[in-house]
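Subject: Structure handover

Hello,

Here is the structure you were expecting. My notes on what was found follow below it.

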Amino acid sequence: MRRLAFLAVCLAVSVAAAEKPCITFKAPPAAEGDRPVAVAIIVGAQGSDYGFQVDFNRPPWGDECGTRCANATIFLDTDNNKATGLKLKDPKAVETGADLAVTIQGMRTYTEGAAHPGLKVKVTQYTEESTSVDTGKALEELDAQQDGERVNATGTTVYLLVDANTGDLPSGQKVRVIYHPPDARPLVGMAKGLSAPGANRVEIFKDGRLTNPKKKKSQWDY
């Protein structure tokens, strides 16, 4: 039943229809061989999930980017507390305190001599024992073809739903969001956390728009 949830909430980014991105990046003109980069990131709590809408400057996967597709990591400090989560040697590093990392990867797999484009998402948790971005605990790996209820790409936009019940993540009213574009300074934004008022509100994705689900009519309604 969990796998069918996407059909009802479709990568539920509850703030996507109303709020501005928590992170924006003005990407320089793309040079040959450059990977697609994220230019706008929306993060929102939806029930027990984190919903993402990530806009790239070019399609993040498929034939257009070939073997140089997206490889973007978004860090979440899920309780906005640097005392928990990732402990880098530099306490002033913006990633210090991150509890979760979400990596969006466009790739190509080869079977029987044929190349097949794909889109995967890797979810990693950090605890106080994590001292580098490579020492986190892998929570799950999602595939757009196998997990279409949680990962969906339309044009240059990736919609993603991450289960916050996986692992033992701290939570709060605010989430600190970190993204480090290639050859640029890291960017930090704030989003609503799981404990924020209205975080349990559910919306559905239909005809390209997020809307409140319609209440089921009673047999007495005319």
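A pocket here is an open set of grid points, on a 1 Å grid over the protein atoms alone, with protein on both sides within 12 Å along at least five of seven lines. A residue counts as lining the pocket if it has an atom within 4 Å of one of those points. Please keep in mind that this is a predicted model.

The pocket

By that definition, 21 residues line the largest pocket. Those nearest its centre are Arg-35, Val-37, Tyr-179, Pro-182 and Asp-183. The space inside the largest pocket comes to about 400 Å³. Of the lining residues, 12 are nonpolar, 5 are polar and 4 are charged. Strand S4, residues 71-77, supplies the largest share of the lining, with 4 residues.

The six-stranded sheet

S4 also belongs to an open sheet of 6 strands, which are ordered S7-S6-S5-S4-S10-S11 and pair in the antiparallel sense. At its edges are strand S7 (137-143) and strand S11 (187-192), each of which pairs on one side only. From one strand to the next, the twist averages 25°.

Within this sheet, S4 is joined to strand S5 (residues 100-111) by 6 antiparallel bridges.

The five-stranded sheet

Another open sheet has 5 strands in the order S1-S2-S3-S9-S8, again with antiparallel pairing. Strand S1 (23-24) and strand S8 (151-154) are its edge strands, each pairing on one side only. Strand S2 (residues 38-46) and strand S3 (residues 49-56) are antiparallel and share 8 bridges. Gln-46 stands opposite Asp-49 of S3.

Confidence

For the protein chain the mean pLDDT is 83, and 81% of the residues reach 70 or more. Residues 1-17 have pLDDT below 50, although the model gives this stretch 51 contacts beyond near neighbours in sequence. Residues 202-222 also stay under 50, and the model has 28 contacts for them beyond four places in sequence. Where pLDDT is low, the predicted coordinates should not be read in detail. The contacts of residues 1-17 and of residues 202-222 are listed with that caution.

Regards

Note on methods: Residues numbered from 1 in each chain as written. Predicted model: local features only at pLDDT ≥ 70, side-chain atom pairs only at ≥ 80, totals over all residues. Heavy atoms only, no water. 1 Å grid on protein atoms, 1.4 Å probe; cavity = no way out; pocket = protein on both sides within 12 Å on 5 of 7 lines; lining within 4 Å. Points joined across faces, edges and corners; volume = space filled by probe spheres on them. Helix = DSSP H or I, 4+ residues; strand = E, 2+ residues; numbered from the N terminus. Nonpolar A, V, L, I, M, F, W, Y, C, P; charged D, E, K, R; others polar. Pairing = 2+ DSSP bridges. pLDDT = per-residue confidence, 0-100. Contact = heavy atoms within 4.5 Å. Axes fitted to C-alpha atoms, helices over the stretch in contact; angles between N-to-C directions.
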